[in-house]
Amino acid sequence: LADRLQNTIQRIRGKGKVTEDDVNEMMREVRLALLEADVNFKVVKDFIKRVKERAVGQEVMKSLTPGQQVIKVVQEELTELMGGSQSKIAVSNRPPTVVMMVGLQGAGKTTTTGKLSNLLRKKYNRKPLLVAADIYRPAAIKQLETLGKQLNIPVFSLGDQVSPVEIAKQAVEKAKEDHHDYVLIDTAGRLHIDETLMDELKQIKELAKPDEIFLVVDAMTGQDAVNVAESFNEQLGLTGTILTKLDGDTRGGAALSIKAVTNIPIKFVGMGEKLDQLEDFHPERMASRILGMGDVLTLIEKAQANVDQEKAKELEEKMRTMSFTFDDFLEQLAQVRKMGPLDDLIGMLPGANKIKGLKDLKVDEKQIKHVEAIIQSMTKKEKVNPEIINASRKKRIAKGSGRTVQEVNRLLKQFEDMKKMFKQMSNMNVKGKKKGFKF
Ligand code: GDP
Ligand code: MG
């Protein structure tokens with residue numbers, strides 16, 4: 001949210017005593033920030049009222065750390081606003097589980113259908129079938145088939161001459177035959193909600209008896225998203241929403257209001273165009289992310305999924321014993337890159353948006369490549385003992401990697417600094433252990 005909110009939070013956090021004026025000031029900032037994030041006006045009003053009641057109540061004023069306590073209340077209520085706890089995808093006890101994807105054109109239905117099948121297979125060990133039921137948009141079938149090919153997940157299609165209702169019906173039969181446990185139906189969208197679209201979706205619903213009807217919403221569409229959700233819900237009875245394009249410039253406020261206004265849970269969020277960029281939606285993580293405390297849990301999860309545990313342990317041991325070399329450094333760079341674009345990761349770090357300029361800083365993947373090139377131009381001995389790298393060696397390395405001597409110098413300096421930091425960290429650990437602290 002707004003930087004101003006961040007500042008207010010920062011100021012109040014440390015306070016030993018919080019007056020009603022402080023609370024009012026903070027609520028003013030929270031209110032502005034939410035409105036700025038395009039959260040529905042009425043939703044904001046209710047939200048502020050609830051937080052205020054709790055914040056000036058006993059629970060906060062009497063606590064030892066009222067500043068912290070106010071923030072906790074805001075965070076809890078924001079989490080509540082977004083659905084409280086994580087809402088999981090349905091599992092039918094008579095497989096296959098049928099999922100219908102609906103939404104306006106361009107919202108991300110087809111892409112998300114592909115992503116969801118990938119997630120179901122990877123994370124939940126399922127065997128999904130994709131169904132191409134958008135026969136109107138040129139190349140929509142082809143688009144889903146291409147996704148299926150990329151993911152190696154089968155796509156059911158009957159071309160664009162058979163009605164979507166018939167396609168859906170036959171697809172479910174086919175899924176039973178082939179023992180698929182999920183059927184994901186990609187349906188057509190329109191630029192606006194219209195009767196023909198709704199009638200067709202209703203018929204598909206009638207025949208395919210979906211366990212889930214997911215509305216795919218573009219998080220960037222602002223207040224309109226709430227209206228879209230309301231009318232789809234009225235006509236079809238939605239079971240969940242999937243927010244796409246949360247990786248963009250949007251604050252996602254309007255989409256968050258969908259939950260508050262329609263009471264339909266958010267189940268997944270799209271964080272990019274790539275097929276692995278669909279994530280479970282965690283209200284409490286989103287709340288702390290909005291409040292700028294960093295989405296540490298997601299970050300840790302990402303790291304755990306991508307970093308080889310053995311290697312991580314080995315690395316830690318090396319850091320501790322100071323036998324960390326440039327080869328390890330290379331290894332570490334590779335691990336970090338596996339976690340995805342660095343920009344994403346930085347955004348998740350607690351306090352990252354407090355550091356001036358960091359938000360606008362695009363981490364340059366090219367620069368990492370340069371660093372790698374420099375390290376690869378070192379000899380084995382140099383990688384282990386960088387102290388021996390004198391002027392003539394520097395020149396040779398620079399030439400070998402196609403970088404400048406200054407760049408080589410900079411890297412050597414960074415490496416030294418890093419080692420120093422490790423040393424401090426491990427000293428801290430030793431001291432902590434002696435005193436019985438846990439780090
Ligand atoms: P449909 O008309 O609803 O089926 O929408 P598509 O699946 O064809 O998607 C429209 C565009 O949105 C495509 O260019 C997608 O790559 C893009 N898109 C979908 N989800 C995301 C997302 O989470 N992040 C970003 N940045 N782009 C997305
Ligand atoms: Mg589509």
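This is a predicted model: local features need pLDDT of at least 70, side-chain atom pairs count only at pLDDT 80 or more; totals for chains, interfaces and linings use all residues.
The axes of α6 and helix α7 (residues 140–151) come within 10 Å of each other and cross at roughly 25 degrees. Axes here are lines fitted to C-alpha atoms, for helices over the stretch in contact, and angles run from 0 to 180 degrees between N-to-C directions. α6 and α7 are therefore roughly parallel; angles under 35 degrees count as such, over 145 as roughly antiparallel, 65 to 115 as roughly perpendicular, and the rest as oblique. The crossing of α6 past α7 is right-handed.

Residues are numbered from 1 along each chain as its sequence is written, while chains are lettered from A and ligands numbered from 1 in the order in which they are written. Helices (H or I, at least four residues) and strands (E, at least two) are DSSP runs, numbered from the N terminus.

Back to the helix pair. On the α6 side, Thr110, Thr113, Gly114, Ser117 and Asn118 meet Ala140, Gln143, Leu144, Leu147 and Leu151 of α7. Contact requires C-beta atoms, placed from the backbone, within 7 Å. By class, this contact has four nonpolar, six polar and no charged residues. Ala, Val, Leu, Ile, Met, Phe, Trp, Tyr, Cys and Pro count as nonpolar; Asp, Glu, Lys and Arg as charged; the others, Gly among them, as polar.

Helix α6 (residues 109–124) gives the most to the shell around ligand 1, with four residues. In total, 19 residues surround ligand 1, and the closest are Gly108, Lys109, Thr110, Thr111 and Gly270. A residue is near the ligand if its C-beta atom, placed from the backbone, lies within 6 Å. The shell divides into three nonpolar, twelve polar and four charged residues.

Asn125 lies in the loop between α6 and β2 (128–133). Its phi is near 60 degrees, a positive value in a residue other than glycine. Another loop, between α5 (66–81) and β1 (97–102), holds Pro96. The peptide bond from Pro95 to Pro96 is cis, with omega near 5 degrees. Most residues other than glycine have a negative phi, and most peptide bonds are trans.

Helix α2 (residues 20–36) and helix α3 (residues 41–55) pack at about 155 degrees, with their axes 10 Å apart. That makes α2 roughly antiparallel to α3. Their contact has ten nonpolar, no polar and two charged residues.

Key: A crossing is left-handed if the near helix is turned anticlockwise from the far one by less than a right angle, and right-handed if clockwise. Two residues are in contact if their C-beta atoms, placed from the backbone, lie within 7 Å.
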